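Okay, thanks for making time, everyone. I'd like to walk you through the charged side chains in this one, so let me put it up on the screen.

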Amino acid sequence: MHCGVVLRPVSCIARNALLVLCSLASFFAYSDTDIAPTATDGTAPIKTRHALSLYGSPALDEDFEHFSHVNPDAPKGGSITHTAVGGSFDSTNPFITRGTPATGVSRIYDTLMASNPNEPFSLYGLLAEGVRLDPDREWIEFDIRPEARFQDGEPVTAYDVVFSLNLLREEGNPFYSSYYAGVEQAVALNEHQVRFTLTDTESRELPLIVAQLPILPRHYWEQHDFSAPSLAAHPGSGPYKISEVDPGRQIVYERDEDYWAKDLPVNVGRNNIDRVIYDYYRDREIAWEAFKAGLTDFRTDARAATWAIGYDFPAYEEGLVKRITVPDANPSMMQGFVFNLRKEKFQDPRVREALSLAFDFPWLNTNIFYDTYQRTESFFQNSEMEAEGPPSDAALELLEPHREALLDSHQSDRLFTEALPIDHPKDLRERLRLALDLLREAGYQVEDGVLVHQDTGQPLSLEVLLYDSGMERVVQPTLRNMARLGVQTSLRIVDINQYLNRQRNFDFDMVVSHFPQSNNPGNEQRDFWTSQAADSPQSRNRMGLAHPAVDDLVEQLIRADDREELNTITQTLDRVLRWGFYVIPHYHSGETRIAIWDKFGYPDPFPEYAMDLDAWWVDPEREAALQRQSRR
């Protein structure tokens with residue numbers, strides 16, 4: 001599924017077993033409520049439901065009072081200050097390509113339905129109190145709650161829903177036109193009923209994607225330029241509104257006391273904290289010192305060295321700061337150096353494979369990461385969708401129609417005959433010898449210590465573009481190893497705005513990028529890998545991959561008839577991507593590491609499929625004790 005809806009890490013064994021057991025017959029299931037007030041086409045009316053589920057039946061019936069993991073009696077109040085590192089912002093509009101949006105701004109918007117963090121993928125009514133899905137998935141209808149309001153008091157209507165879809169597809173980030181490509185149109189049947197006509201009836205997740213559409217106020221955006229970055233406090237219909245904006249430094253969201261949906265079951269026990277603050281720090285070390293001093297009180301710690309040896313300051317030793325680890329809920333995220341395939345020098349897979357051999361993970365893990373990481377190999381690591389071993393008969397059947405194009409682009413038949421790329425010898429010198437052999441095969445030779453192409457005489461050069469100096473300790477050893485091959489290397493660290501502009505203009509050799517996956521990949525894969533997204537500014541196809549086999553596999557993945565077929569197609573896609581050497585994979589820990597000042601209450605245990613920070617609260621007694629100890 002769209003990665004934006006799966007909040008954070010998730011565990012695997014029980015969940016994956018559940019997904020495999022789900023039958024095609026129950027791919028979409030609902031619990032009965034009232035008969036739809038509108039008939040369809042003279043046939044039996046479609047029942048109105050309170051929930052949608054991708055697999056099986058929703059866990060909660062229509063009378064549920066709240067999600068099982070929340071504390072329905074959680075106190076309201078207090079504040080939480082997050083540490084935002086390595087960036088800045090100049091816009092409060094997260095839906096467009098221009099500008100750098102502020103962190104957390106999506107919390108001011110409601111969607112038609114909301115996810116349950118304790119289910120693989122089920123949605124329950126938020127703006128929509130009821131939903132009707134055509135058995136052939138040719139349309140879906142939503143009943144908008146009459147009490148729904150935007151933060152300026154204006155009602156949320158079906159006309160706002162239609163406006164939102166059209167606005168996002170026509171003026172928003174190109175991602176939205178791709179993501180909602182299977183929707184022909186949205187029509188307001190009346191003020192509180194809206195119908196989406198679906199052309200992509202084979203995409204089983206499309207109805208759920210539509211249900212997650214963020215709803216924007218038509219009356220506001222008809223009077224404002226949606227395409228231009230703005231720092232205005234745009235009105236939404238969500239639980240928080242923009243309170244304070246200090247461009248590039250801080251943004252504050254304030255809980256809306258008059259939030260129209262605060263007593264709905266999907267919100268009971270959630271949205272408890274009065275003020276949610278994001279403090280921006282350009283330098284990682286300064287951000288760390290700010291946390292230790294109590295200027296921020298919530299920190300996601302992605303740095304292994306800090307987690308291993310950094311918590312030796314008085315506040316931690318006195319118990320004022322605590323650490324929490326949350327196991328990954330989704331496939332471990334692929335992070336890696338991404339080649340810009342739009343540049344001719346990176347179009348030969350032998351060059352990409354050779355440069356990949358210069359990444360010395362064993363050395364990095366021992367000397368920098370305190371042996372806390374594992375090497376990432378798959379784009380769907382630690383899931384049943386990860387390719388393993390040689391290709392199966394089913395995988396070969398999927399690959400065969402594209403044999404000629406794959407042999408041409410991959411420069412060998414290994415994709416069809418061998419197991420997946422595996423770790424080469426741990427000894428760096430042996431790996432560099434293999435790399436040099438590959439580069440010679442690709443037409444390069446070393447002249448006076450410089451690697452040049454024998455036909456053109458052009459040296460092979462490579463610049464890594466970053467906006468966060470924290471990655472420099474990973475980049476520099478890799479570039480030194482590449483330089484030993486004769487590659488001319490450099491590192492450039494720029495501010496976030498320049499970084500985004502260069503990325504949008506494809507003005508880079510190599511960047512560090514992330515490819516988060518959920519347990520239910522679908523339409524969002526078009527934005528990661530397909531030809532349509534390759535030259536779209538701000539798509540997640542950073543490398544500019546455009547290959548007919550990949551395009552075909554993505555479309556088949558979206559239309560998979562059951563879980564087994566989905567896994568087979570995804571494994572085959574994983575195999576093609578890995579043998580293409582489009583990225584140099586980094587590493588993963590299998591968990592999210594959090595440090596907090598000990599004033600919060602939170603679900604224990606965490607819900608299975610997300611951490612759900614919306615269910616946290618400030619504990620008045622802990623906060624008071626913290627303040628007393630801090631004054632000593």
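So, start with the negative surface patch, which is made up of D61, E62, D63 and E65. By the way, what we're looking at is a predicted model. D61 sits in the loop between strand 3 (51-53) and strand 4 (79-85), and with a relative accessible area of 46% it's partly exposed.

Now, on to pairs. Side chains of opposite charge can pair when their charged atoms come close. How many salt bridges does a search of the whole structure find? It finds 36.

Let me pick out a few. E141 and R195 form a salt bridge, at 2.7 Å from N to O. That one links distant parts of the chain: E141 is in strand 8 and R195 in strand 10, 54 residues apart.

Next up, R270 and D612, which meet in a salt bridge at 2.9 Å, N to O. R270 is in the loop between strand 12 and strand 13, and D612 is in the loop between strand 26 and strand 27, so this pair ties together parts that are 342 residues apart in sequence. Buried or exposed? Both R270 and D612 are buried.

Then there's D509 with K343, where the closest N and O atoms are 2.8 Å apart. These two are 166 residues apart, and each is in a loop. D509 is buried, at 7% relative accessible area, while K343 counts as partly exposed at 27%.

And finally, a network: salt bridges link D200, E202, R526, E555 and R559.

Note on methods
Residues are numbered from 1 along each chain as its sequence is written. This is a predicted model: local features need pLDDT of at least 70, side-chain atom pairs count only at pLDDT 80 or more; totals for chains, interfaces and linings use all residues. Side-chain values use heavy atoms; hydrogens and water are left out. Patches are made of residues with over 30% relative accessible area and no salt bridge: like charges are joined within 9 Å, nonpolar side chains (Val, Leu, Ile, Met, Phe, Trp, Tyr) within 5 Å. Accessible areas come from the Shrake-Rupley method with a 1.4 Å probe; for residues, only the protein chains shown count as cover. A salt bridge is a side-chain nitrogen of Lys or Arg within 4 Å of a carboxyl oxygen of Asp or Glu. Lys and Arg count as positive and Asp and Glu as negative; His and the chain ends are not counted. The place of a charge is taken as NZ of Lys, CZ of Arg, CG of Asp or CD of Glu. Helices (H or I, at least four residues) and strands (E, at least two) are DSSP runs, numbered from the N terminus. Buried means under 20% relative accessible area, exposed over 50%, partly exposed in between (1.4 Å probe, protein chains only).
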